[in-house]
Amino acid sequence: MPFVAAESRRGAEGDPRGELGLSLAEANLTLLTLPFGTQAKLGQMRNRFGLLNQIHSHDRPQIDSPNVLVRFLGEEGLVERGAELTWVAPLPFFLEALAGVFNGDNETAFGRGSLRSALVTGRLRTFVELGDTGALQLGASVARGETGDAQRSLLAGWEAKYKLTPETWRHALLTLAGEALYSVRDVEVTDETTFAGEERTRRRFGWYAYAEIQPFQRWLGGLRYDWTEFPVLRGHEWAVQPYLAFMPSEFLRFRLAYKHSERDKRDCCSANDATARIVDELLFQASFILGAHPAHPF
Amino acid sequence: MRRLVALVIAAALGLGAAPAGAAPKIRVVTTIADLRALTEAVGGDLVTVDSLARGNQNPHDLEVRPSLMVKVRRADLLVVNGLELDAWAEVVVQGANNPRVIPGAPGRVDASRGVPVLEIPPGRVDRSMGDVHPSGNPHYTLDPALVAIAIANIEEGLARVTPEHRAVFERNRRAFLGRLEEAMARWSRTLGPARGAKVVVYHNNWVYFLARFGLVQAGTIEERPGIPPGPGHLTQLIRRMKDEGVRLVLVEPWNDRRLAERVAEDAGAKALVLASSVGTATGSYIEAIDAIVTALGRALR
């Protein structure tokens with residue numbers, strides 16, 4: 001009887017200059033036969049923090065990641081080395097609790113890269129069926145560790161996802177989802193006159209929500225709204241993104257999106273080696289699936 | 001509030017699952033509704049059975065919901081169809097944290113074990129062939145004769161987790177086979193006059209059923225399994241249907257019914273929506289096949 005499931009994923013990504021980079025996206029094993037309804041996952045993994053972090057970028061509902069996740073967790077998101085323990089309660093409804101300990105090597109929120117100042121995570125997730133057609137998932141997550149400058153960093157997240165799937169339909173007609181993050185981070189600032197270092201606490205908030213409608217098997221349309229503060233600097237940004245997807249089959253998908261972003265300052269962020277206060281982007285993605293028919297998660 | 005907390009604790013401890021004095025029932029989860037009905041036939045009063053996919057859901061690509069994990073979390077036995085029809089079940093099992101039903105565990109049954117599988121691809125399988133099942137066509141539960149093998153596997157699994165009830169399961173299995181034999185004679189009589197009739201199917205689900213009752217599959221609306229058809233394929237199919245005198249197109253509730261009706265109309269045939277699985281929570285396997293045979297017999301008259 002197998003008692004371990006192992007997973008290894010490699011990622012290949014091209015940059016705008018046409019250079020291809022290969023990386024180890026995930027390499028972990030799951031112990032399947034632990035007692036009391038528990039399971040442990042060990043190795044390098046996308047942390048189960050919030051709604052989207054655990055999902056690889058090509059499987060996410062939109063081409064790009066929501067701004068709040070990029071600002072608070074970086075382009076890669078939370079991908080750490082360590083262990084996660086989950087427990088599914090033996091209740092008539094779904095309730096999953098998760099606790100994790102990681103080395104904390106994230107590019108923005110947690111940067112110590114050591115178990116001595118570990119990143120500790122937790123998540124509670126529940127799910128209810130609303131009749132034969134509706135379903136709702138709710139979750140809350142927390143992550144506590146230290147930044148690369150050995151300053152305290154805490155992230156709390158809340159998530160909700162609702163799907164309406166008419167009887168006999170193979171896909172949802174309507175999907176509504178959103179996630180909010182609250183960051184508490186200590187930073188050291190230098191007084192410009194005395195040059196003395198002083199510790200300050202930054203409390204920042206951000207969220208996104210999207211609605212998707214798929215009246216036909218091959219076509220899907222949606223709209224995402226982003227609003228987020230910057231984790232350290234003052235100020236905020238917002239963005240709106242309508243998008244369209246065409247799926248000729250279950251193994252091939254084309255996505256097109258237009259994204260309009262506005263920030264209250266110009267020098268907060270850069271993309272494509274440039275900075276701007278107002279940014280308009282056109283995004284296109286073609287994705288295909290090789291191998292076995294994949295499972296469709298909620 | 002206190003009452004609610006007490007209820008939650010009682011549920012967590014498994015209290016209230018059986019009346020005082022009564023032996024707790026074996027909790028079985030099946031991936032598809034046909035296997036639920038077959039497990040109920042073998043397990044009788046000793047089991048409670050729940051299916052992950054409802055009869056009106058396409059079992060090929062069921063959405064993996066946490067509510068499915070709740071069912072598997074508490075299961076003593078998990079019965080899968082196998083042959084990659086319900087590969088999504090592995091994701092459910094992994095999220096359910098129940099070591100009793102992981103692959104290879106005593107509480108795991110693959111009902112396809114020993115089934116003479118049709119349409120095993122002879123060579124290499126790749127995505128250009130569509131959603132082909134490398135181990136062969138997985139829709140064997142639509143052949144009433146082959147379910148004898150499936151229920152033998154189910155009986156073996158039930159007896160593995162509760163050996164003390166083996167004799168009861170064996171008695172139930174034999175009784176079910178007796179009822180199935182009687183029904184088989186009835187179904188053969190109903191479909192006898194239609195032997196040799198050609199039908200077109202939307203997806204290649206019906207090959208076992210058609211072969212059993214001497215009907216001929218003249219084509220599929222899907223050009224390749226799971227891939228929507230192109231206009232060239234449909235034009236060719238309609239021409240062939242006219243040439244060969246095909247009078248019926250079988251379509252399942254989750255298929256594109258309008259497309260099937262258009263093809264049928266253009267070819268001078270009619271489309272018949274048939275559920276290829278036990279439909280309701282209480283339906284039996286024999287009732288489901290009864291409904292299919294009656295509808296087909298009427299349509300091919």
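Q: Is D61(B) buried or exposed?
A: In this predicted model, the relative accessible area of D61(B) is 10%. Because the limit for a buried residue is under 20%, D61(B) counts as buried.

Q: How many salt bridges does the rule find across the interface of chain B and chain A?
A: The contact takes 38 residues from chain B and 45 residues from chain A, and the two chains bury about 3,500 Å² between them, with 55% of it on carbon and sulfur atoms. Between chain B and chain A, 13 residue pairs are in polar contact. For salt bridges across this interface, the rule finds 3.

Q: Which element gives the largest share of the side of chain B that touches chain A?
A: The elements that give two or more residues to this side are helix 1 (2-12), strand 3 (63-64), helix 3 (66-73) and helix 4 (89-96) of chain B. By class, the side of chain B that touches chain A has 21 nonpolar, 9 polar and 8 charged residues. The largest share amounts to 5 residues and comes from helix 3 of chain B.

Q: How many residues apart are R174(B) and E170(B) in helix 6 of chain B?
A: These two residues form a salt bridge in which the closest N and O atoms are 2.8 Å apart; R174(B) counts as exposed at 56% relative accessibility, whereas E170(B) counts as partly exposed at 22%. An α-helix has 3.6 residues a turn, so residues three or four places apart point the same way. Within helix 6 (residues 166-191) of chain B, the separation of R174(B) and E170(B) is about one turn of the helix, which is 4 residues.

Q: Which side chains make polar contacts with the side chain of E237(A)?
A: E237(A) is found in strand 12 (residues 236-249) of chain A and, at 0% relative accessibility, counts as buried. Leaving aside neighbours within four places in sequence, the residues in contact with E237(A) include N67(A), D226(A), W227(A) and E262(A). The side chains in polar contact with that of E237(A) are, at 2.6 Å, that of R71(A) and, at 2.8 Å, that of R263(A).

Q: Which residues are linked with D226(A) in a network of salt bridges?
A: D226(A) is also in contact with E237(A), and over all chains the structure holds 28 salt bridges. The residues linked with D226(A) in the network are D64(A), R224(A) and K259(A).

Q: Why are the buried residues of helix 9 of chain B on the same side of the helix?
A: The buried residues of helix 9 (residues 257-266) of chain B are L259(B), A260(B), V263(B) and A264(B). They lie on the same side of the helix because the arc that they cover around the axis is only 135°.

Q: Which exposed residues does the face of helix 9 of chain B turned away from its buried side carry?
A: The cover over the buried residues of helix 9 of chain B includes helix 8 (231-244), strand 8 (248-251) and strand 9 (270-273) of chain B. At the start of the helix, a side-chain oxygen of D256(B) reaches to within 3.3 Å of the backbone nitrogen of R258(B), and just after the helix G268(B) takes a positive phi of about 75°. The face turned away from the buried side carries the exposed residues R258(B), R262(B) and E265(B).

Note on methods: Residues are numbered from 1 along each chain as its sequence is written. Chains are lettered from A and ligands numbered from 1 in the order in which they are written. This is a predicted model: local features need pLDDT of at least 70, side-chain atom pairs count only at pLDDT 80 or more; totals for chains, interfaces and linings use all residues. Side-chain values use heavy atoms; hydrogens and water are left out. Buried means under 20% relative accessible area, exposed over 50%, partly exposed in between (1.4 Å probe, protein chains only). The arc is that of the directions from the helix axis to the C-beta atoms. Contact means heavy atoms within 4.5 Å. A polar contact is a pair of N or O atoms within 3.5 Å; within protein, one must be able to donate a hydrogen and the other to accept it, and residues adjacent in sequence count only if both atoms are side-chain atoms. Buried area is the accessible area (1.4 Å probe) that two parts lose on being put together, summed over both. A salt bridge is a side-chain nitrogen of Lys or Arg within 4 Å of a carboxyl oxygen of Asp or Glu. Ala, Val, Leu, Ile, Met, Phe, Trp, Tyr, Cys and Pro count as nonpolar, Asp, Glu, Lys and Arg as charged, and the others, Gly among them, as polar.
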